[in-house]
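Q: I would like to learn how to read a protein structure step by step. Could you take me through it, giving the idea behind each feature and then the case at hand?

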Amino acid sequence: MANNAKLDLGDKTIDLPIIEGSEGEKALDISKLRGETGFITLDNGFVNTGSCQSAITFLNGEKGILRYRGYPIEQLAESSNFLEVSWLLFYGELPTAAELESFTKKVASFNTLPEGIEKIVDTFPKTAHPMGVLSSATVALSAYYENHLGPQPTDADKDELFAQLMAQLKLIVARFYRKSLGLAPIASDPSLSYSADFLNMMFENTDADVAKALDVLLILHADHEQNCSASTVRVVGSSHANVFTTISGGIDALWGQLHGGANQAVLEMLEQIKNEGGNASSALAKAKDKEDPFKLMGFGHRVYKNFDPRAKIIKVACDKVLEKLNVNDPLLEIAKGLEAEALQDDYFVARKLYPNVDFYSGIIYKALGIPTNMFTAMFVLGRLPGWLSQWKELREDPSAKICRPRQIYIGQTERNYKKIEDR
Ligand code: CMC
């Protein structure tokens, strides 16, 4: 194939370099387009726009493939653990036994929050949404680590921040959960795995099977290339803002129900179907009605147009967790019925809408005892190593620029100001 594509613009023809990725994905490099022709490209929602070249995560939406650093998600979910996967994402290779041990100890060593952060978390009303608390407390960490506010973090800074944030966001979530119930916080136990420690700080539960189920969920959420929150992380990070505010921006983007907030919305939708007698058909009809803003939450994906490989793994995990915990949740049957009906419905078939990662995850979180409004904060804990890896890659890319899209202006053309008495 040629190295360039030709673009005819009236009497002018220009060459656009073709970029090819390691999995054969192709792009046209349009970075010189405006300088040479005066044209920009317009792509609502960035549906067709690559914002960077990245070596972290590969996904193929048509084939349902998801790989972190080349390793299939199915293998990682089956055999790895969350901290190992986090290391893989951040450093690019699987850790040696010594590297993993040292990283695990380092994460565990951050077993307290600055006192001021504890007070901030405790000051929120117990009814506050955990995502607002988490985002605020994350950016507030910047007040306590002035050494990490500089515009050029060193490798040592990045190593430190990786372990520190992995630990401290977990502490914030668990502390706020206890506080919201009027319970005293439980100290982090450095002898426990990441997931067991989290469950212990939340519920005083260190059951190995339950911790494993949580670990799998976190692994499945750990990165997903240039989605809305990862792109936000890259946009904020591209101004050389510090990592605390950069990650806080990712948390804010994830909160929306078209993105990570879908897990909370799915459970609320399933509850509503149950309360209305368990009939999925009216939810489907509402979702298909173009006059109604309601969408079938947990269905559809910008990239996956065949199936979401994470949803496949979660569906199986869901059955296992409910059996292990001896939970008989009617919402699971409603979810399965809804999925079966949607997958046979012309509207969903024609638009290639399938269950996504959020469709079944909430049922597992619920079985683990996590309150519905905390589901998206769980997604944050899972996605954090991905955001930190995207931030690291951005900051280490010598060609990275501040993100600053263009626009096509469609407002008023020039006109003269009139004094208020003349209007
Ligand atoms: N229910 C009903 N219709 C839908 C749905 C849905 N869940 N998702 C997409 N559609 C329709 C949409 O109305 C459009 O129809 P038409 O062609 O007639 O105008 C068509 O399908 C294409 O959808 P789109 O909105 O152009 O697709 P998108 O790529 O912009 O949006 C999405 C992707 C995930 C935001 C969307 O599918 C959605 O809102 N799903 C529900 C929310 C959800 O589950 N979000 C979690 C995504 S996975 C977790 C994550 O990583 O964020």
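The dialogue below moves from the whole chain to single residues and pairs.

Q: What does the secondary structure of the chain come to, and what kind of model is this?
A: This is a predicted model, and its secondary structure comes to 18 helices and six strands.

Q: How should I read the radius of gyration of the chain?
A: The idea is to set the value beside the one that a compact globule with the given number of residues would have. Along the principal axes, the C-alpha atoms fill a box of roughly 70 × 65 × 55 Å.

Q: How many of the residues count as buried, and how much accessible surface does the chain have?
A: A residue is called buried when its relative accessible area is under 20%. Of the 423 residues in the chain, 47% fall in that class, while the accessible surface comes to about 21,500 Å², with 51% of it belonging to carbon and sulfur atoms.

Q: Which share of the contacts joins residues 24 or more positions apart?
A: Among contacts with a separation of 6 or more in the chain, 72% are between residues 24 or more positions apart.

Q: Where can I see a helix that is mostly covered, and what covers it?
A: Helix H8, residues 194–203, is such a case, since nine of its 10 residues are buried. Among the buried ones are Tyr 194, Asp 197, Phe 198 and Leu 199. The cover over the buried residues of H8 includes helix H3 (82–91), helix H7 (155–180), H9 and helix H18 (375–395).

Q: Which other residues have a positive phi without being glycine, and where do they lie?
A: One of them is Glu 225, with a phi near 40°, in the loop between helix H9 (208–221) and helix H10 (228–237). Another is His 240, whose phi is about 65°, in the loop between H10 and helix H11 (243–255). Glu 225 is partly exposed at a relative accessible area of 22%, and His 240 is partly exposed as well, at 36%.

Q: What surrounds a buried residue such as Phe 103?
A: To answer this, one looks for contacts while setting aside residues up to four places away in sequence. Phe 103 lies in helix H4, residues 97–109, and counts as buried because its relative accessible area is 5%. With those sequence neighbours left out, Phe 103 touches Leu 83, Trp 87, Phe 162 and Ala 163. The C-alpha atom of Phe 103 is also separated by 10.0 Å from that of Glu 160, a residue 57 positions away along the chain.

Q: How many salt bridges are there, and which residues form them?
A: A salt bridge is counted when a side-chain nitrogen of Lys or Arg comes within 4 Å of a carboxyl oxygen of Asp or Glu. The whole structure has 21 of them. In one, Asp 15 pairs with Lys 6, with the closest N and O atoms 2.6 Å apart; here Asp 15 is partly exposed at 39%, whereas Lys 6 is exposed at 62%. In another, Arg 67 pairs with Glu 23 at 2.7 Å between the closest N and O atoms. Arg 67 belongs to strand E5 (residues 65–68) and Glu 23 to the loop between strand E2 (12–20) and strand E3 (26–28), so this pair ties together parts that are 44 residues apart in sequence.

Q: Where does a salt bridge lie within one helix?
A: Lys 119 and Glu 115 meet in a salt bridge of 3.6 Å, N to O. They are four residues apart in helix H5 (residues 115–123), which means that about one helical turn separates them. Both Lys 119 and Glu 115 are exposed. Salt bridges can also share partners, and in this way Asp 155, Lys 158, Lys 392 and Glu 396 are joined into one network.

Q: Which side chain of opposite charge is nearest to Asp 358, and what is Asp 358 in contact with?
A: Asp 358, in helix H17 (residues 358–367), is buried yet has no salt bridge, and the nearest side chain of opposite charge is Arg 310, 6.9 Å away. Leaving aside neighbours within four places in sequence, the contacts of Asp 358 include His 221, His 259, Asn 263 and Phe 379.

Methods: Residues numbered from 1 in each chain as written. Predicted model: local features only at pLDDT ≥ 70, side-chain atom pairs only at ≥ 80, totals over all residues. Heavy atoms only, no water. Helix = DSSP H or I, 4+ residues; strand = E, 2+ residues; numbered from the N terminus. Buried < 20%, exposed > 50% of the residue type's maximum accessible area, 1.4 Å probe, protein only. Rg over C-alpha atoms; globule rule 2.2 N^0.38 Å. Contact = heavy atoms within 4.5 Å. Areas by Shrake-Rupley, 256 points an atom, 1.4 Å probe, with all protein chains shown as cover. Lys, Arg positive; Asp, Glu negative; His and termini not counted.
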